[in-house]
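Hi everyone, thanks for making time for this. Please bring up the viewer, and we will walk through the chain together.

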Amino acid sequence: KIAERFKGVFPTMGPPMIVGNSTDQKYNDSLQSLLLVLAGYEHSVEENISKLLSAIDDPELALRQWQQAISAIKARMPPVLVRKLDDIIGTYEKALTEGVGSDPASTFSMRLTPRSL
């Protein structure tokens, strides 16, 4: 599927969107580009798949996605639950910075069960 030439007038554009260097930003950017490819647009598939896989392999991605998700609901959660979750995530973050194992998520996954909360 190839795009057809636009015959209208383009609106005034704002400044370009700059993609950051954090893992979650790279993941979101490459995922969005690949979704555009699936929608029929031409784009560098190999480059975006490579970026996406690189972001998925980074253990920091889970931490960044968690931080984004929890920030939206943290104020409505019971303080005791927030403290417990913060402790668990703090341990995970510490393991990331200290380089404990190749997959810190597997080390702490057992702590994220409903029974422990």
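I will start with the overall layout, then go to the core, the surface and the salt bridges.

A word on the ground rules before we go in. This is a predicted model, so to speak: local features need pLDDT of at least 70, side-chain atom pairs count only at pLDDT 80 or more, and totals for chains, interfaces and linings use all residues. Residues are numbered from 1 along each chain as its sequence is written, and side-chain values use heavy atoms, with hydrogens and water left out.

Let's begin with the layout. The chain has five helices and zero strands, and from the N terminus on, its elements read α-α-α-α-α. Helices here are DSSP runs of H or I with at least four residues, strands are runs of E with at least two, and both are numbered from the N terminus.

How much of the chain is buried? Of the 117 residues, 18% are buried. Buried means under 20% relative accessible area, exposed means over 50%, and partly exposed is in between, with a 1.4 Å probe and protein chains only. The accessible surface of the chain comes to about 9200 Å², and 59% of that belongs to carbon and sulfur atoms. Those areas come from the Shrake-Rupley method with a 1.4 Å probe, and for residues only the protein chains shown count as cover.

Contacts are next, meaning heavy atoms within 4.5 Å. Among contacts between residues at least 6 apart in sequence, 51% join residues at least 24 apart.

Now to the inside. Which residues make up the largest nonpolar core? There are five of them: Tyr27, Leu34, Leu52, Ala55 and Leu61. The elements giving two or more residues to this core are α1 and α2. By a nonpolar core I mean a set of buried Ala, Val, Leu, Ile, Met, Phe, Trp, Tyr and Cys residues joined through side-chain atoms within 4.5 Å. As background, nonpolar side chains tend to be buried together in soluble globular proteins.

Please click on Leu61. Leaving aside residues up to four places away in sequence, Leu61 touches Thr23, Asp24, Tyr27, Ala55 and Ile56. Thr23 sits in helix α1 and is buried, at 8% relative accessible area.

Is Ser30 buried or exposed? Ser30 counts as buried because its relative accessibility is 0%. Beyond residues up to four places away in sequence, Ser30 touches Asn48, Lys51 and Leu52.

On to helix α3, residues 60-73. Its 14 residues reach 21 Å from the first C-alpha to the last, close to the 20 Å expected at 1.5 Å a residue. That expected span is 1.5 Å times one less than the number of residues. The buried residues of α3 are Leu61, Leu63 and Ile70, and they pack against α1 (23-38), α2 (45-57) and α4 (79-98).

Leu31, Leu35 and Leu38 make a nonpolar surface patch of about 290 Å². Patches are made of residues with over 30% relative accessible area and no salt bridge; like charges are joined within 9 Å, and nonpolar side chains (Val, Leu, Ile, Met, Phe, Trp, Tyr) within 5 Å. Leu38 lies in helix α1 and counts as exposed because its relative accessibility is 72%.

How many salt bridges does a search of the whole structure find? It finds three. A salt bridge is a side-chain nitrogen of Lys or Arg within 4 Å of a carboxyl oxygen of Asp or Glu.

One joins Lys51 and Glu47, at 3.4 Å from N to O. Both lie in helix α2, four residues apart, about one turn of the helix. Another joins Glu60 and Arg64, with the closest N and O atoms 3.0 Å apart. Glu60 and Arg64 are separated by about one helical turn because they are four residues apart in helix α3.

Asp86 and Lys74 also meet in a salt bridge, at 3.2 Å from N to O. This pair links distant parts of the chain, with Asp86 in helix α4 and Lys74 in the loop between α3 and α4, 12 residues apart. Asp86 is partly exposed, at 34%, and Lys74 is partly exposed, at 32%.
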